[in-house]
Amino acid sequence: MVEVLPRRSALEGALEAGTFGAGGTPGLTLSERRRLAIVHVAGDAGDPAFTDAVRGRTGLDLPIEANTTAAGNGRTILWLAPNRWLVVCDGEESAALETGLRDALGSTFAAVNDVSQGRTVIRVAGARAPDLLAKGCPLDLHARAFPTGACGQSSLAKINVLVHSVDRGADGGTDAPILDVYVARGFALSLWEFLTDGAGEFGYTISPMP
Amino acid sequence: MHLIKCPWCGERAEMEFTYGGDGTLTRPADPEAASDAEWTDYVYFRDNPRGPHEELWQHASGCRRWIKVRRNTLTHEILATGPADRPLEGNAS
Ligand SMILES: [Zn+2]
């Protein structure tokens, strides 16, 4: 009989809720975004059949411009490279999303792959969130250069990551930045240790596993 | 921080890129007909220019695309960048 393995977080056993580091008001919050459906899509951005099919299934226009995203209805599409995107859904089965996109695309020249099990998404939120990532990432994370909706693949603590600027707070200020870091599952624990180590001086809260 | 302009992602830190070698090489057009000497030249022999040189780099931590970079090998100044599948704009020197 085939045993179906339950989905398990790469941070299980490591992520411990609580408040740590420097005293006073914690400068940031770390949490894991779990049970996301993450599907990699490749196709020709110049082919209306391709872009229409993705819009039909997700309700979102593919972000064609580099380093940008499209968001709505609990879904986000992140630009990865020319003709490469990541479709991320909260509260949807990844298999349903993958199959739905495949069906919508039909025989259109495209590739759709469910990579949900292979990615860990860590949310870094709070006033000091950009300062924490800047310790190991060469992206310009200032709200002016990396505003709400921006994304970028880069290196964080020598680990390849995708950083999504989910929200930079009111008028691009630094009151409540929310940055999501996508990392390959095998590197999640290493990155987590880098983040918790680096967050000590700011004081940080770890949200419990949802 | 030393920046290299990816044609798609924009100005990014050099550490996101991987060096991919001489960008001026041309594979023998007719592989069956090329002599051992021509293959040896293509596979092994490289010039070592002092000054502007066209190179291949990969935006390995970014969009993963291969790009062409014209770099001054003496000063490390990046003079031009562009997609790998077409000639770089501007003069080589
Ligand atoms: Zn790039």
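In chain A of this predicted model, 63% of the contacts between residues at least 6 apart in sequence join residues at least 24 apart. The chain contains four helices and twelve strands. Its radius of gyration is 18 Å, close to the 17 Å that the globule rule gives for 210 residues, so chain A is as compact as a globular protein of that length. Chain B carries a zinc site with four protein donors, B:Cys6, B:Cys9, B:His59 and B:Cys63, and 13 of its residues are in contact with 14 residues of chain A.

**Chain A overall**

- The C-alpha trace of chain A spans about 55 × 50 × 30 Å along its principal axes.
- Of the 210 residues in chain A, 50% count as buried.
- Chain A has an accessible surface of about 9,700 Å², and carbon and sulfur atoms account for 50% of that surface.

**Zinc site in chain B**

- The site is tetrahedral, with angles of 104 to 117 degrees among the four donor atoms.
- Ideal angles for four tetrahedral donors at a metal are 109.5 degrees.
- The spacing of the donor residues in sequence is C-x2-C-x49-H-x3-C.
- Distant parts of the chain are linked by the pair B:Cys9 and B:Cys63, which are 54 residues apart. B:Cys9 belongs to the loop between strand S1 (3–6) and strand S2 (10–13) of chain B, whereas B:Cys63 belongs to the loop between strand S4 (52–58) and strand S5 (66–72).
- B:Cys9 and B:Cys63 are both buried.

**Interface between chains A and B**

- The size of an interface is often given as the accessible area lost when the parts come together.
- About 1,100 Å² is buried between chain A and chain B, and carbon and sulfur atoms give 53% of this area.
- On the side of chain A, A:Pro82, A:Pro138 and A:Gln153 supply 45% of the area buried against chain B, more than any other three residues.
- A:Ser155, in strand S9 of chain A, counts as buried at 3% relative accessibility.
- Leaving aside residues up to four places away in sequence, A:Ser155 touches A:Gly136, A:Cys137, A:Pro138 and A:Val161 in its own chain, together with B:Met15 and B:Ser61.

**Residues with positive phi**

- Most residues other than glycine have a negative phi.
- A:Lys158, which is not a glycine, has a positive phi of about 65 degrees. This residue lies in the loop between strand S9 (151–156) and strand S10 (159–167) of chain A, and A:Lys158 is exposed, with a relative accessible area of 74%.
- B:Arg64, also a residue other than glycine, has a positive phi near 70 degrees. With a relative accessible area of 38%, B:Arg64 is partly exposed.

**Surroundings of A:Val166**

- A:Val166 lies in strand S10 of chain A and counts as partly exposed at 26% relative accessibility.
- Not counting residues up to four places away in sequence, A:Val166 touches A:Arg123, A:Thr148, A:Ile178 and A:Asp180.
- A:Val166 and A:Glu98 are 68 residues apart in sequence, and their C-alpha atoms are 23 Å apart in space.

Terms used:
Residues are numbered from 1 along each chain as its sequence is written. Chains are lettered from A and ligands numbered from 1 in the order in which they are written. This is a predicted model: local features need pLDDT of at least 70, side-chain atom pairs count only at pLDDT 80 or more; totals for chains, interfaces and linings use all residues. Side-chain values use heavy atoms; hydrogens and water are left out. Donors are N, O and S atoms within 2.8 Å of the metal (3.2 Å for Na, K and Ca); water is not among the atoms, so sites may look incomplete. Four donors count as tetrahedral if all angles lie between 85 and 135 degrees; four count as square planar and six as octahedral if opposite donors are over 155 degrees apart and all others between 65 and 115; anything else is irregular. Helices (H or I, at least four residues) and strands (E, at least two) are DSSP runs, numbered from the N terminus. Buried means under 20% relative accessible area, exposed over 50%, partly exposed in between (1.4 Å probe, protein chains only). The radius of gyration is taken over C-alpha atoms; the globule rule is 2.2 Å times the number of residues to the power 0.38. Contact means heavy atoms within 4.5 Å. Accessible areas come from the Shrake-Rupley method with a 1.4 Å probe; for residues, only the protein chains shown count as cover. Buried area is the accessible area (1.4 Å probe) that two parts lose on being put together, summed over both.
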